[in-house]
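I opened the model to look up its fold, its charged pairs and its nonpolar cores. My entries follow in the order in which I made them.

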Amino acid sequence: MKMRKTITIIALLLILLPAGQAQSINAFVAAGTALSQVEGDELKGFDHWGLAGSVGAFINLDQRDMWGASIEAGYSCRGIYNIKFNSKNYYNIILNLHYADIPVTVFFKDPFGGLRIGAGLVYSRLIAQPEGSIAFNPDYFIPDTSNMKFLKNDFAAAAEMRIKIWKGLQFSLRYQYSLLPVKKDVTYRTKDREWKNNFYNSAVQVRLLWQFGYDDKPSYSKNRRHRRR
């Protein structure tokens, strides 16, 4: 039901675009993996791997094809993964967070190499509360496991790079970081002290993207030379 609402919202946004822009809209599908961690969990490293995929639309914002915008409806699995006790990792934990994502990104295209670089915002809705396992040594380190519920909403800033591989096939690399906590005031204790942390999602998505009807337009300079003739 929530995903159907998301797709409906995207369709309405596309319908509301000016009629003159309609032929500059291309649908795309993307699939890949999300490497993630949770800032504030007292662990380091993007060790959690999960699936990531989406459908969306790319909209050209000018006739030279230098500016564009992308809106997507997708899924990603983020979370925490650590199965080694050592001097830097104080406990073992596997935690999976399943999100429905709506990224909105504005892109600038390099007119020479075809590289698109973009920035935007991602709204994510937690569709399943965490599942997994936690183990620790109570004589040394104790994380609060009394309430493992995360907040439903995640608002993140994102930066993305897309590189054309062949025709409509592109390589996409996106990094996003939560602007607001996804879990507040998590308590940790050792023998010497006690403190609280807020949790923030941090993730890198590596995807392959196929854009339907993709066609590189001639550059602005070529068009201008053609008109002068």
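This is a predicted model: local features need pLDDT of at least 70, side-chain atom pairs count only at pLDDT 80 or more; totals for chains, interfaces and linings use all residues.

Entry 1, fold. I took helices (H or I, at least four residues) and strands (E, at least two) as DSSP runs, numbered from the N terminus.

Residues are numbered from 1 along each chain as its sequence is written, and side-chain values use heavy atoms, with hydrogens and water left out.

I looked up burial (buried is under 20% relative accessible area, exposed over 50%, partly exposed in between; 1.4 Å probe, protein chains only). Of the 229 residues of the protein, 40% count as buried. The accessible surface comes to about 12,900 Å², and 61% of it belongs to carbon and sulfur atoms; such areas come from the Shrake-Rupley method with a 1.4 Å probe, and for residues only the protein chains shown count as cover. For contacts I used heavy atoms within 4.5 Å. Among contacts with a separation of 6 or more, 66% are between residues 24 or more positions apart.

I counted a side-chain nitrogen of Lys or Arg within 4 Å of a carboxyl oxygen of Asp or Glu. The structure holds 11 salt bridges. Which residues are linked in a network of them? I found Glu72, Glu160, Arg162, Arg174 and Arg207.

I then went through the pairs. Glutamate 72 and arginine 174 meet through their side chains at 3.2 Å, N to O. Glutamate 72 lies in strand β3 and arginine 174 in strand β8 (residues 169–178), so this pair ties together parts that are 102 residues apart in sequence. Glutamate 72 is buried at 1% relative accessible area, and arginine 174 is buried at 2%.

Glutamate 160 has a salt bridge to arginine 162 (2.8 Å, N to O) and another to arginine 207, with the closest N and O atoms 3.2 Å apart. Glutamate 160 is in strand β7 (residues 153–166) and arginine 207 in strand β10 (residues 194–211), so they tie together parts 47 residues apart in sequence. I read 3% relative accessibility for glutamate 160 and 2% for arginine 207. Arginine 162 is buried too.

Serine 70 lies in strand β3 (residues 67–82) and is buried, at 1% relative accessible area. What does its side chain meet in a polar contact? I found the side chain of arginine 162, at 3.1 Å. A polar contact is a pair of N or O atoms within 3.5 Å; within protein, one must be able to donate a hydrogen and the other to accept it, and residues adjacent in sequence count only if both atoms are side-chain atoms. Leaving out residues up to four places away in sequence, serine 70 touches residues including Phe28, Phe58 and Phe107.

I took a nonpolar core as a set of buried Ala, Val, Leu, Ile, Met, Phe, Trp, Tyr and Cys residues joined through side-chain atoms within 4.5 Å. The largest has 16 residues, of which Ile80, Tyr91, Ile93, Phe150, Tyr188 and Phe199 touch the most other members. Strands β4 (91–109), β9 (183–190) and β10 each give two or more residues to this core, and β4 gives the largest share, five. Apart from it lies another core, of five residues, among them Phe28, Ala30, Phe58 and Leu209.
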